[in-house]
Each structure stands twice: as C-alpha cells, then as structure tokens.
Amino acid sequence: MDMGVRLVGKELARARLAQINRSIDPVLRGALNTTATKTRTERYVKRMGGVFKSSILGARLGGADVRGKLTIKRARKGRMNSRIIPSSSGVRVDDYRRWFFEWVSPTRARVYVMGLRGKKLAAGFVNPASVGQKPLATRGDKRTANKNYRRTLKLQTAIGPSMAYWFQQLTGAETIRWTNTFLRQEFERRVRREIARYGGGV
C-alpha cells in the first residue's frame, strides 16, 4: 500500500529465520498481501458501503464492485511492496445512495452527492422543470471523418467523485496506524509459524 506504512523488526526476524535456513522474503510478501486485502475491506469497502447503492446481485457498486474499484497490486518475487490503487474514474451520480440538486434557474440546478463528510458537487446538472429530474451531463465525443475533426455533444448521466477521491478522504493517520498495527501482527504471526514448522528446537 502506498500510504507510508513501515514494518519494524524486519532485521531481527531475518536473523531468526536465517538460523533455520528460511528466507524472510516469502514471509514478508505474504504479510504485505494479507494486510492490503484486510485494509481494503476494513478501512475502505465497509466504510464506503453507505455511500453507494447495492444492486440485487451486488454487481454494480455493491461490496464486490467497491473492491473492484480498489485494485490491489500485490507483492511478488522481485517486488517487495503491496499497494491499494483506487480507480480515478468518476462514479455515476445515480449509483450514489443519496444525491440531490439545488436550483440555479428554472431549468438548471447543481447536482450534489452525499459522501463520507457531507455533500460534494458532481459534474452535471438537473433540469428541475423536467418530468424525471434526472442528473445529466453534456460531454463531447471527438471523431474523425475524412481527416476533419468533428465534435458532437451528448447528454449522459452526471458523474460524481471517483473512488480515488474517497480513498484519499479515508487515508488519514488513523487508517495508517491501523494498517501498521495489522501488518506488524500479521508479519510476527507468519514468522512464528515458519519457526514452528521448520525450526525444531530453535
């Protein structure tokens, strides 16, 4: 996880494992990957559950999709770090559990979504005079025809803040302390397991 997490006691563990001819690297990679998975669930997915809607099958912005928008790049041989990478793509306003609009004119209103710490302006608008009062946005598609650029504007669903935005909101000192504690405990647990399995009387 690229959030300033540091592991204390690594060199001592390395020496203990060297006594039983075991490498520290697989132990460390396992601890890092387990910590990344647990942190994603406990510190991000669960806490964002109230922000987004859940579909019947959990396929769109239920717990499974929030996890999908928080990809884990796992430690492996040659890479001794594990990172949670949040998606930078905006999330549709109608996938938020709560959204509302504020009038600007008879035919235009600003759109807001409710997040972890109150409202956040979305990229779009609502026509209060319309029947559906749907959150919309006008976005352009750039196309080429006979080497000439043509730009067409289309009405699409308004977009709220990305998962990366909410990730940043949640990645404070408390989350970093929690992650550091879990990583240390998980690493120590794995070291003890290696020693018990291969150490004999060491």
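## A buried serine and some salt bridges

The side chain of S82 makes a polar contact, at 3.3 Å, with the side chain of N33. This comes from a predicted model. S82 sits in the loop that runs between β1 (70–73) and β2 (83–86). Is S82 buried or exposed? With a relative accessible area of 2%, S82 is buried, as the cut-off for that label is under 20%.

Let us turn to the charged pairs. How many salt bridges does the structure hold? There are nine, and the table shows some of them, including the atom distances.

| Salt bridge | Closest N to O distance |
|---|---|
| K46 and E42 | 2.9 Å |
| K119 and E102 | 3.0 Å |

R22 is partly exposed at 32% relative accessibility, whereas E194 is buried at 11%.

In the salt bridge of K119 with E102, distant parts of the chain are again linked, with K119 in strand β6 (residues 118–126) and E102 in strand β4 (residues 99–105), 17 residues apart. K119 is partly exposed, with a relative accessible area of 46%, and E102 is partly exposed at 29%.

Salt bridges with shared partners also join K38, E42 and K46 into one network.

Terms used: Residues numbered from 1 in each chain as written. Predicted model: local features only at pLDDT ≥ 70, side-chain atom pairs only at ≥ 80, totals over all residues. Heavy atoms only, no water. Helix = DSSP H or I, 4+ residues; strand = E, 2+ residues; numbered from the N terminus. Buried < 20%, exposed > 50% of the residue type's maximum accessible area, 1.4 Å probe, protein only. Polar contact = N/O pair within 3.5 Å; in protein donor to acceptor, adjacent residues only side chain to side chain. Salt bridge = Lys/Arg side-chain N within 4 Å of Asp/Glu carboxyl O.
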